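Trainee: Hi! Could you walk me through this one?
Mentor: Happy to, let's take a look together.
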Amino acid sequence: MKVKVCTKEKMDEEIANLFIDTVKANPKCVLGFATGSSPLGVYNNLIKAYNNNEVSFKDVTSFNLDEYVGLDENNEQSYRYFMNHNLFDHIDINKENTHVPCGVGDYEAKAQEYDNEIASAGGIDLQILGIGSDGHIAFNEPGTPFDSLTHVADLKESTIQDNSRFFNSIEEVPTKAVTMGLASIMKAKKIVLIATGLNKAKAIKGLILDLIDVKLPCSILRKHPDVTIYVDKDAYSKVLGK
Ligand code: F6R
């Protein structure tokens, strides 16, 4: 696992370049996207590169990590809406080739198909991740088995609290989500994780220094052969004992 300590601006640029290089090397590649605030700068850079004719996403397939249960694509808080609004509507990706887990209707049955869909597309070439203050990746909360595939998960109180900043009130935050499992994420060929701010410092310290344990879901990443963790000084501060 590589760790890069740098500014948010620098990581947004480097990670966007990784995505662009991946698409240029294989225009039919499979990209793994995340939502939340962490990847927004990267997505803005991808949009800029597309507008400057540096890259085309027309043959790319994508898979997102997760979706809230109970929110459909027209709901502004849904992750499908987020991806359309913050990336897909601004580049030439074919929306039919973009996949976000389904959070409504027969979402449980669809969740069970998600890993097969990823495998049929050839597997994820490059996956971007954020990290929760409790060490979750996607919505795999502490205690999630390392061999988990895409499933329906209950969100922990701390995650509901963290994510309430995007909603009008905490009561509106869904309590369940469909999420790729830890084993699903580990199948990606290359993984980059972004963490900024003091709120992430404890999880980053655990990821870098503690034992690999289901109590800290992100710690499974230490077993992956190609992971780079991008952290700013604040997120890295507890590693240095500050
Ligand atoms: C979102 C996701 C979550 C977030 C995490 C950090 O698709 O999978 O694990 O990455 O909750 O969220 P932010 O980036 O908003 O701090």
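Trainee: How far is an oxygen atom of the ligand from a polar backbone atom of alanine 138?
Mentor: That distance is 2.7 Å. Bear in mind that this is a predicted model.
Trainee: How much of the ligand does the protein bury?
Mentor: The protein buries 95% of the 410 Å² that the ligand exposes when taken alone.
Trainee: And which residues come nearest to the ligand?
Mentor: There are 13 residues around the ligand, and the nearest are Ser38, Asp66, His136, Ala138 and Lys200. As for side chains, threonine 35 has a polar atom 2.9 Å from a ligand oxygen, and arginine 165 also places a polar side-chain atom 2.9 Å from an oxygen of the ligand.
Trainee: Changing topic: how many aromatic pairs are there?
Mentor: Searching the whole structure gives eight. In one of them, phenylalanine 19 and phenylalanine 33 have ring centres 5.7 Å apart and planes at 25°.
Trainee: Why is that pair stacked?
Mentor: Because the planes are at 25°, and stacked pairs have planes under 30 degrees apart.
Trainee: Where do those two phenylalanines lie?
Mentor: Phenylalanine 19 is in helix α1 (residues 8–25) and phenylalanine 33 is in strand β2 (residues 30–33), so the pair ties together parts 14 residues apart in sequence.
Trainee: Is phenylalanine 19 buried or exposed?
Mentor: Buried, at 0% relative accessibility. Phenylalanine 33 is buried too, with 1%. Together with Tyr43 and Phe88, Phe19 and Phe33 form one aromatic cluster.
Trainee: What about the surface, which residues form a nonpolar patch there?
Mentor: Met1, Val3 and Val5 do, with about 210 Å² of accessible area together. Valine 5 belongs to strand β1 (residues 2–5) and is partly exposed, at 41% relative accessible area.

Key:
Residues are numbered from 1 along each chain as its sequence is written. This is a predicted model: local features need pLDDT of at least 70, side-chain atom pairs count only at pLDDT 80 or more; totals for chains, interfaces and linings use all residues. Side-chain values use heavy atoms; hydrogens and water are left out. Rings of Phe, Tyr and Trp (its six-membered ring) pair if their centres lie within 6.5 Å; planes under 30 degrees apart count as stacked, over 60 as edge-to-face and the rest as tilted. Helices (H or I, at least four residues) and strands (E, at least two) are DSSP runs, numbered from the N terminus. Buried means under 20% relative accessible area, exposed over 50%, partly exposed in between (1.4 Å probe, protein chains only). Patches are made of residues with over 30% relative accessible area and no salt bridge: like charges are joined within 9 Å, nonpolar side chains (Val, Leu, Ile, Met, Phe, Trp, Tyr) within 5 Å. Accessible areas come from the Shrake-Rupley method with a 1.4 Å probe; for residues, only the protein chains shown count as cover. A salt bridge is a side-chain nitrogen of Lys or Arg within 4 Å of a carboxyl oxygen of Asp or Glu. A residue is near a molecule or strand if one of its heavy atoms lies within 4 Å of it. A polar contact is a pair of N or O atoms within 3.5 Å; within protein, one must be able to donate a hydrogen and the other to accept it, and residues adjacent in sequence count only if both atoms are side-chain atoms.
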